[in-house]
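Me: I am new to this structure. Please walk me through how to read it, one feature at a time.

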Amino acid sequence: MTAEATIQSVRIAETPPAPRLARRRRRPIAPYALIVPSVVVLALAMGYPVVWQIITSTQQFGLAQQFGQAAPFVGLQNYATLASDPYMWTVILRSILFCFAAAAATMIVGTLLALLMNVVSAWVRVTLQIALLLAWAMPVVAAMTVWNWLFNLRSGVVNWLLSAIGLPYQGHNWLINPVSFYGVALVIVVWMSVPFVAFAIYAGLTQVSEEVLEAAQIDGASPRQRFFGIVVPIIRPVISIVLLLQVIWDLRVFTQIKLLQDVGSIKSETNLLGTYIYQLGTGSSNFGMASAVSIFVLVLTIAISAFYVRSMLKEDEA
Amino acid sequence: MRKRRVRAKTVIFSIIGLIVAIIWVFPVYWMINSSLLPNVVLQDSTPTFVPFGGSFANFTAVFAGGTFLPALGMSVAIAAVVVVLCLLFAFLAALAISRFRFRGRSGFVLAVLLIQMLPAEGLFIAQYKLMASVNLLNSVIGISILYIAAVVPFTIWMLRGFVAGIPIELEEAAMVDGLSRTQAFLRITFPLLAPGLVASGVYAFLQVWNEFTIALVVLPDNASATLPLWLRGFIEASASKATDWGQVMAASTLVALPVIFFFLFVQGRMTSGLVSGAVKG
Amino acid sequence: MKRKIWAATAFAVAGALALAACSSGGSTAGTASTGPSTNGKGKTITLWLVGADTPQPLRTYLQTEFTKETKGTLKIEQQDWSDIVTKLTTSLPDANNTPDVTEMGNTQSPTFTNVGAFLDISDQYKALGGTNLLQSFVDAGKVNGKNYTLPYYFGSRYVFYRKDIWAKAGITTPPTTLDQFNSDVATVNSKNPNNIKNFSGFYLGGQDWRDGISWIFANGGNIAKESGGKWAASLEDPATLKGLAQLQTIYKTADNAPGDAQDSNQYIYINNNDSIAGATTKDKATPVSLSAATIMAPGWAHWSIGDKGKDAKTGAVTRTWNPNTFGTFALPGNDSNPAPVFAGGSNIGISAKSKNPGLAKTLLKIIFGKTYQEMLGKNGLGPANSQYTSSLGSDQFASALIASSSNSKLTPAAPGWASVEASGVMEEFFSKIKDAPDLTALAQQYDAKITPMLNAK
């Protein structure tokens, strides 16, 4: 971040990694004390809702039950209904594709911007950071309204620009075709999530010592080798968690799709997991189904990311 | 001492950086632009790129409602509690998992990763019941617990990488030089964490600042509304007329602005104050 | 070190608690009353109003009047239409935090009434207006012959049209039958007197089923029917199909709205706008893009329709209604009555968990009293009690509102109606009408989709 910080990190980089702290085994209470606050707050906030959700997912629980009627136990029926719905699987497939496209695009653009921040002068970096932060800070509803305006078929800037350079885009409807609908959604989702990725990875990059890079350069390492040999290992923990979060978020992207659907497009052609499960559960006040869907999505997320999470854990153990 | 070639590169990168900044900020510009224009103009079929003849009438109208400042106060209070406690809790936990081996450690690490996968669909009933049962509806502490739980896993993982990168010897060397453990920590370790704390802090702040669903459920009274709830109320302020999007954009601009102040403040504190303190130590 | 960390943690938690203590507001209701007491001394009841339709002077009136009658305090909490279902779902069953009286959308009333969310107010029904109350709304709040919610106010949809463009197309009097309306808008569309690109004689969004449904109703059709406690979608009924065929003709011959346009902001298409994006010199002679000579919209749209001008005082750009350019009428039916339209508006009821039912009933008395009903009317909101409809005034908006709502309908009171709306299946069905080669097959296909949803619990 500053010259001083860089010098500090050089000192770190030159120090051999600390031996794992065997001597601390004598005081085994310390680590528990350290994680107590986090564990307590997680247990307080998540404990009851998660248990409630698991129980409710095995019940027929609608508005009547919320208003005091007994909730009949139905076992795995909610899950069976979900799994036997062929449209559900279409939506899952679509969502996985969209998720991978959006997460990949976000990670690539975010990483490139973080690297860019690292090589520009301070004022350009702060300008870029503030621009990204503004985009990140923009209330979602305002952001979606503006994006809807930009792609509006009648008064949108996008059509205006395309028509101005002579393309036949006057009055072009971007949302009615599912493919271009997802294109628009992708642009918006990437625009919204890149700032977070760029900030996090840039923070990771500040741990990379410039001197070590220069030394490697003198030793004849190519920029590619320097990037993958020195930079990537240092920022890997950050990249791994950020990528995991992107996958989790993009798999169940809801608000952006919902607000786009409110403007145009045929819902059943543009539903992703987030909007479809909302419609099945909460939108119909069917909370038993909504809970089953939540657990189902949890399992799906774990299935998609299991391999990745395992490698994160291994890396953590190493 | 950089070579000229490097400087030429920096110039090119700077230009690219500025272009990217412009692209990213364009929707934000559009929000601010619209906030200065009357609603009627916003419905025109030709976009108005520069708000000539615009006015602050929309902003005046937003403030005239008198509900902005209380909502701002509520949001600031919640964000402050969440950011401070989340960073503290996460730092402690990060210390535990990067500096200690203990029974249950891998279980804790796995839990931290998995908790982020819990979907929120249909959770709102349980969250409401939870808060109602302990009488924490409409309170800063109630919603803060939910928020901290939502952001602390990421923060733990983020800080874990930073803590792991700092050798304990650095601190111990400082202690040999006569600093207390606290001093050593504050002057040596903490500054090295600064970039991670800034990134996690901004993340936690923004998650809280723009959160809507949980706030809607556990802050049911108008008097305890946060900014996103206030903004929603603003959009629907007059269903008997068309939504005045100029005013909504003015309101949104007011919601987004404090984030910039927060960032500049944190950034300034972290880079100047703490890091230079480290060097002195 | 350990101790210090603990100290730091404890300090932080203490700080947080202190902060919370400062800002946690009093959300608890007053102590439980033993009977339906109407003495409100020292007590507060809460009224939820949704959206900002109820103007401030009316709210103030309710508060002063309530204090006058009961010596208690009335707290009014503002809610939003998009979240009201969520908030009713969480708060109504919670005796400590429930609103005592709440407004809700008329289509939401059956859902909550059926699960016992509201207090039986049949004993008050007569005193509050009885048969003078708008009956379709009363029915939306009735279960097994008992009244749980009553109408609060009504709104309606009617037709807005461009007198100037219709006249140029040779039509100077508004249509008096639906058939005439159908052919008039087709004529205006084909003549397109101002030679506007993408012009719509009648702008009806492809997914705008809330307006399009009137053609089904007007021909005696319906979305769904109940028999023996079972609901069945009735899109393939001959009467419904007749309406669908008329709609198809309109979509094909009178309408150039996008196939995915919904029921929102139609009014911007009937206004004159400025130049077209990317227009060629030739286009600039007709400086209006995608525009319409006729739209159907809720009554409040008239605030956004008019000539563009500048406010003399503030210099702000405004729209001012011009009676020479714009006109309104209720969509005509073929039986000399107005065609049935979807009713807008809301119901009001007392929470079954209210701790102050006596005070809540007093509040209803004030709301259904002459003074308040007339205040609603003067503010353009259709009063629940038909005795006071004249308070709406006699301008064309009031007449169109009264005429169109005289024959209004509500959505089917089927248990699964919420799922139908959430799924967007009605929007989807309507968007397919225009290009359907076989309407009967299309209707059958969607009946098969909708019927199971209607009966889902």
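Me: How many helices and strands does chain A have?

Reply: Helices (H or I, at least four residues) and strands (E, at least two) are DSSP runs, numbered from the N terminus. Chain A has 15 helices and 0 strands. This is a predicted model: local features need pLDDT of at least 70, side-chain atom pairs count only at pLDDT 80 or more, and totals for chains, interfaces and linings use all residues. Residues are numbered from 1 along each chain as its sequence is written, while chains are lettered from A and ligands numbered from 1 in the order in which they are written.

Me: What does the C-alpha trace of chain A span along its principal axes?

Reply: About 70 × 65 × 30 Å.

Me: What share of chain A counts as buried?

Reply: A residue is buried if 20 or more other C-beta atoms, placed from the backbone, lie within 10 Å of its own. In chain A, 49% of the 318 residues pass that test.

Me: Which helix of chain C is largely enclosed by the rest of the structure?

Reply: Take helix α3 (residues 84–91) of chain C. It is largely enclosed because 6 of its 8 residues are buried. Those are C:I84, C:K87, C:L88, C:T89, C:T90 and C:S91.

Me: Which domains does chain C have?

Reply: Domain bounds come from an automatic or database domain assignment. For chain C it gives domain 1 (41–156 + 344–405) and domain 2 (157–342 + 414–455). Their C-alpha centres lie 30 Å apart.

Me: How many residues of the two domains of chain C are in contact?

Reply: Two residues are in contact if their C-beta atoms, placed from the backbone, lie within 7 Å. Here 10 residues of domain 1 of chain C touch 13 of domain 2 of chain C. On the domain 1 side, helix α13 (residues 396–405) of chain C gives the most, with 6 residues.

Me: At what angle do helix α11 of chain A and helix α7 of chain B cross?

Reply: Axes are lines fitted to C-alpha atoms, for helices over the stretch in contact, and angles run from 0 to 180 degrees between N-to-C directions. The axes of α11 (residues 223–251) of chain A and α7 (residues 140–164) of chain B come within 8 Å and cross at roughly 160°. Angles over 145 degrees count as roughly antiparallel, so α11(A) is roughly antiparallel to α7(B).

Me: Which residues make the contact between α11(A) and α7(B)?

Reply: From α11(A) come A:P237, A:V238, A:I241 and A:L245. From α7(B) come B:F154, B:W157, B:M158, B:R160 and B:G161.

Key. A residue is buried if 20 or more other C-beta atoms lie within 10 Å of its own, exposed if 12 or fewer, and partly exposed in between; C-beta atoms are placed from the backbone. Angles under 35 degrees count as roughly parallel, over 145 as roughly antiparallel, 65 to 115 as roughly perpendicular and the rest as oblique.
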